[in-house]
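Have a look at the picture before reading on.

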Amino acid sequence: MGEAWRAVLHGSLTGPARPPTVLLVEGPAGTGKSHLVEALRRRRPAGSACLTLTCAELSEDEAQRAFDAAARSTAPTLLVVEDVHRADEPVRRGLRRLSRTLPTGRALVLTWRPEDLPAGRPPLGEPLDCPPGTAVLRERTGPLPAPVARQLIGRALGERCPEAVIGRLYAVTGGVAQVLVDVLPVLAETAPDGPTADDIEALEAPPRLSETVLGRLTALPPDARRLVRAAAVLAGPASEAELAALTGLPAWEVRTGLLAALASAALTDLDPRRYGFPVPLAARAVAAGLPPAERFDLHHRAAQVLRRRTDVPWPEVAGHLRAAGVRRGLVRAAERATGAHAAAGEHREAARLLQELLVDRRIPGPGRARLATTALRHVAGLTPRDASTLLDTLTRTPGLPGPLRAQARVLQGLSLCTPTAPDHDGWLRLARTAGTLPGELGLAARVMAAMSMPHWPGIPLAEHRHFARRALAAVAATTDPVLRAAVDANLIALLLTLDDPGAERALPPRSPHDGEDPAGAASAGHRARALCNAADATLWLGRYEDSRAFLDRSAALAERHRAGPHVAHGIRSVRLLLDWATGRWTGLADRAAELVADTARTPVLGHEARTVLASLCLARGEWSQSRAWLAGGPAPHPDQQLAPVAVLSSTVLVRLALARGDHQDARTHATQAWARLRSKGIWAWAAELAPWAVTAVLAAGDPATARAMAEDLRTAPATPHLPLAAAARQWCHATLAEHDGDLPGAAAAYRAGAAAYAALPRPYLSALAAEAAARCAAAAGNGGAADRDVLDGLTGALRLLTDLGATHDAARIRSQLRAATPPRSGRPAHPGLSPREREVAELAATGLTNRQIAAELHLSTRTVENHVARTLRKLSVPSRRDLPPHL
């Protein structure tokens, strides 16, 4: 509602002079005129009267009595007359008379649909002739603004409805409020989990819209009806010449019929000199009512018309040919349509078109082979689920040449296109696939390169090395840059993990135009994947600067060349892990939860995000939620996770058990994870687990196993030069020294570990190592400068943990600081709270339960309950949730 005319209207009913006002509200059906009038009624001043009339139900006598009553009333009056386009001449005459004689303190509101008035006729039959002093205002309603429509759609379908789906729904409804209101309940019912783009394309016109548009169609002359039906089949803006080609009418008849269609609002001008339906769903209502023969003929003509455009819309051409049942030219149109979809990032639409045509037995064998070749080029751009569906179709398509069928089997076997957790069976499937391709060295190289990737669980390092050598031998003689890029993208993970000199050769070249090599965009997706795999490999080694550089290059390359969604998911997952490791925790939980939600249909893509969420919950003391992320719903067993991710999730489970005081459970998780590492043989990944595994087995009373674990890490090949492994070795040495009673040596080793972690950077582990150093130094009890070092170490650790948001760990260190700080005279930190009560209160304020606080402070649960109750009473707060502001 416009602020200017609303103020004038309000003044006509309340101001001292109260000039009369006439408000003219015009707009197409369903665009909110009645809603606007209702808002006027609700906002009218107190004490004013309101009278509403509807011309469709109004007789001349009723109208006259209402007009006379409005004229005689002494109170400010708002008179609303709706649907003036339906008024007969006596009612229009009465309204004209009333507008000329409208007393002060009166406001007259008239609404109508301009499309339902004869061309050029004013709504009251004659121009308004209001006397001087009368304010005449106009408001035109139309489609909802996009942000308002998005809010409406979000409330009906859920706030997480994809933006692309919202945009498409806004487009097909024309943004008309009434149409949106009619279709939203249908979508909510048919797609309770949220609509997809396919659901929007399957929408039919709602009854009210169908009745309106078909009623207008019936009232048109024959030539105009033919134009409207042709425009409905074309389903987009069309010029006069194109409508003439569709209908076969001469130009002058097209012009006459088009003017009639525009005058009745059956069609509208969408672009300069281009015409179509203001609400695309209305076109579907018209097209659905056409006789089949006429519809097929119009689709065929539409394909021919669209082919003549300078910028041919190939997806639409292919759609019209299919709808017409025409096979000639369809394969060529589908190939070009697939390319257009891919260029626009619409990979799923491309896959759907190819799938439907591959199973069409009316397309001859050579045509299906061309479509299969096109499909194989676009598989990499699909989500794992869509890729798997398309590849299933390809392997079942009859009559495909042997090499095409073999390539489909290869891609079907690669884990990149398998939306299930990686496991030993998947490895065996790849091995069988490689054995069936003796004459296809390029395809075999891709399979063996996939088998070289070290992340497969349960596969020894020697196997990965073996298949890496075979892949390199198979691809050595190739001159195909795309094949080399695909193989290198898989090999790079193993080469970097083992610090192999060949890693530099397998990496994409550094240049301002990364990926714009002679193969161009064809290999860019593989190169983006290679950089993402490189970022992932260096992440687990603790080379965080290298990892971030690789990741940024991968993201830029993927965006420039519209790499497929699997690359995007990989980039998001590695970025989550990298930000978690390097302490960039602001907003991290929200981003991780968003990725978990986005990968709900393919949970394997959300494992890293779930592990990050579990780690954050652990640092906040949310232990139950932390375990739920790792062991609830779709969370897999560590034996079915990517091997380094399994190490990280096992580390979280070990720490959770230690926090609960369940040392045997902690030992079980630690020894099982260590056995998986020993079986894999990639000891660089042990650096994440080793400090906590050694701590767990020592706490369970097994120092021999703890020393063996530390020795494994110390003597493992390829780890001495790795910064993360070096920091972990310091921690393990310190833990063993502390167990042996060498507290000064333990404190020194913990401090060295804290410095090593800080240099990586791993601020969270650095803070925990500094806390452990302070603990050992305090227990050594040397006094003097040593006590100062304890306080400085704890203070620095507290600052780091507070900045990170690790509230549980920060609360524990605050407790240690109070214990280590000499008592000071003067006013206590909070009058009335004892040191122990304040300690309990700070832990309770972080969200810990009484049982968790008891385990943390080595108290009984009953004692903690009493402390919490006394604290709440002394601070006069109703619940523990209200504690933080008082502390």
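This is a predicted model: local features need pLDDT of at least 70, side-chain atom pairs count only at pLDDT 80 or more; totals for chains, interfaces and linings use all residues.

Residues are numbered from 1 along each chain as its sequence is written, and side-chain values use heavy atoms, leaving out hydrogens and water.

The protein comes to 43 helices and seven strands (DSSP runs: H or I of at least four residues for helices, E of at least two for strands, numbered from the N terminus). Of its 887 residues, 51% are buried, meaning under 20% relative accessible area with a 1.4 Å probe, protein chains only. Among contacts (heavy atoms within 4.5 Å) with a separation of 6 or more, 68% join residues 24 or more positions apart.

Now zoom in on α33 and α34. Their axes (lines fitted to C-alpha atoms over the stretch in contact, with angles from 0 to 180 degrees between N-to-C directions) lie 8 Å apart, and the helices pack at about 140°. That makes α33 oblique to α34. Among the residues making the contact are Trp674 and Leu677 of α33, plus Leu689 and Val697 of α34.

And the cysteines? Here are two of them.

| Residue | Relative accessibility | Class |
|---|---|---|
| Cys732 | 2% | buried |
| Cys776 | 1% | buried |

How many disulfides (cysteine sulfur pairs within 2.5 Å) does the count come to? The count comes to zero.

Technical notes: A disulfide is a pair of cysteine sulfur atoms within 2.5 Å. Buried means under 20% relative accessible area, exposed over 50%, partly exposed in between (1.4 Å probe, protein chains only). Angles under 35 degrees count as roughly parallel, over 145 as roughly antiparallel, 65 to 115 as roughly perpendicular and the rest as oblique.
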